Amino acid sequence: MRAKMTGIFMLGFATGVAVLTGTLWVSGALKIPAVEAGTPRPVAPPPAAVVEPAHPTAAEPVPISSGADPIAPHLAMPLAGVEPTHLVDTFNDARDGHKHEALDIPAARGTPVLAVAEGNVVKLFTSKQGGLTVYQFDNSRTFSYYYAHLDRYAAGLKEGMLLRPGDVLGYVGSTGNASPTAPHLHFAVNRLLPDKRWWEGTPIDPLPLLL
Ligand SMILES: [Zn+2]
């Protein structure tokens with residue numbers, strides 16, 4: 001008798017549990033972890049998705065030394081007896097509607113003009129503006145040095161000859177568009193272009209190179 005009662009109770013209890021479980025299941029309140037575990041997880045991007053960018057050196061042109069040449073060298077004074085600290089920077093002055101881009105050094109007519117660095121005379125040229133001029137390249141053919149308004153050339157000066165710092169190449173004058181009453185050396189430094197033409201280049205202020 002007792003055993004039968006117990007059995008009925010157990011059956012009733014089991015039924016109640018089953019119904020409750022079913023209700024919760026349907027309502028979604030009861031989640032079965034096994035289902036969650038079986039659900040495929042969001043897959044992490046495969047390593048192939050993290051592609052390295054194309055190698056930079058292959059795609060982007062790397063600046064070569066053509067644009068960034070060696071630093072302009074220190075130069076010897078082109079006129080003897082002139083203190084570099086007494087020079088007046090005339091590089092940015094306006095002249096005839098363009099930038100001067102050179103250094104004017106006033107001096108008495110006939111003052112010897114000296115090579116500022118070692119290198120060959122590339123061109124002896126007479127122009128309307130510069131008058132009697134000398135173009136010299138440095139030994140690395142990176143820079144050109146331009147001496148203008150000369151009164152005359154040094155004896156024996158020739159294109160192609162090698163000058164060393166301090167060699168006399170000419171004498172101060174006022175040829176070209178310089179005022180006859182104000183003889184001076186017009187001295188310019190240019191960074192040569194790849195073609196190394198004596199009449200082309202990027203102007204550099206000479207004054208800091210002389211200090
Ligand atoms: Zn000048």
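**A predicted model, question by question**

Reader: Does Ser-144 count as buried or exposed?
Author: The model is predicted. Ser-144 has 2% relative accessibility. The cut-off for burial is under 20%, so Ser-144 counts as buried.

Reader: Which element holds Ser-144, and what is Ser-144 in contact with beyond four places in sequence?
Author: Ser-144 sits in strand S7. Its contacts beyond four places in sequence include Gln-136 and Phe-137.

Reader: What phi does His-149 have, and is His-149 buried or exposed?
Author: His-149 lies in strand S7 too. Its relative accessibility is 4%, under the 20% limit, so His-149 is buried. His-149 is not a glycine, yet its phi is positive, at about 65°.

Reader: Where does Asp-96 lie, and what is its phi?
Author: Asp-96 is in the loop between S1 and S2. At 66% relative accessibility, Asp-96 counts as exposed, because the cut-off for that class is over 50%. Asp-96 is another residue that is not glycine but has a positive phi, near 50°.

Reader: What volume does the largest pocket have, and which residues are closest to its centre?
Author: The volume is about 580 Å³. The lining counts 28 residues. Closest to the centre are His-98, His-100, Gln-129, Tyr-146 and His-186.

Reader: Which elements give two or more residues to the lining of the largest pocket, and how many of the lining residues are polar?
Author: The elements are strand S2 (98-99), strand S7 (143-153) and strand S10 (184-191). By class, the lining has nine nonpolar and six charged residues. The polar residues number 13.

Reader: Is Pro-78 buried or exposed, and how far in space is Pro-78 from Phe-187?
Author: Pro-78 is in the loop between helix H3 (56-59) and strand S1 (94-95). Its relative accessible area is 0%, so Pro-78 is buried. Beyond four places in sequence, its contacts include Ile-105, Val-113, Tyr-147, Leu-185 and Leu-210. Pro-78 and Phe-187 are 109 residues apart in sequence, but C-alpha to C-alpha the distance is 8.2 Å.

Reader: How does Met-161 count by accessibility, and how far in space is Met-161 from Gln-136?
Author: Met-161 lies in the loop between S7 and strand S8 (162-163). At 31% relative accessibility, Met-161 counts as partly exposed. Beyond four places in sequence, Met-161 is in contact with Gly-119, Asn-120, Val-121 and Gly-156. Met-161 and Gln-136 are 25 residues apart in sequence, and C-alpha to C-alpha they are separated by 9.6 Å.

Reader: How many helices and strands does the chain have, and what share of its residues is buried?
Author: The chain has four helices and eleven strands. Among contacts with a separation of 6 or more, 61% join residues 24 or more positions apart. The chain exposes about 13,400 Å², with 64% of that supplied by carbon and sulfur atoms. Of the 211 residues, the buried share is 32%.

Reader: What is the average pLDDT, and where does pLDDT stay under 50?
Author: The chain averages 79, and 67% of the residues score at least 70. Over residues 13-40 the pLDDT is below 50, with five contacts beyond near neighbours in sequence. Where pLDDT is low, predicted coordinates should not be read in detail. A further stretch has two contacts beyond four places in sequence and pLDDT under 50: residues 45-69.

Note on methods:
Residues numbered from 1 in each chain as written. Predicted model: local features only at pLDDT ≥ 70, side-chain atom pairs only at ≥ 80, totals over all residues. Heavy atoms only, no water. 1 Å grid on protein atoms, 1.4 Å probe; cavity = no way out; pocket = protein on both sides within 12 Å on 5 of 7 lines; lining within 4 Å. Points joined across faces, edges and corners; volume = space filled by probe spheres on them. Nonpolar A, V, L, I, M, F, W, Y, C, P; charged D, E, K, R; others polar. Buried < 20%, exposed > 50% of the residue type's maximum accessible area, 1.4 Å probe, protein only. Contact = heavy atoms within 4.5 Å. Areas by Shrake-Rupley, 256 points an atom, 1.4 Å probe, with all protein chains shown as cover. pLDDT = per-residue confidence, 0-100.
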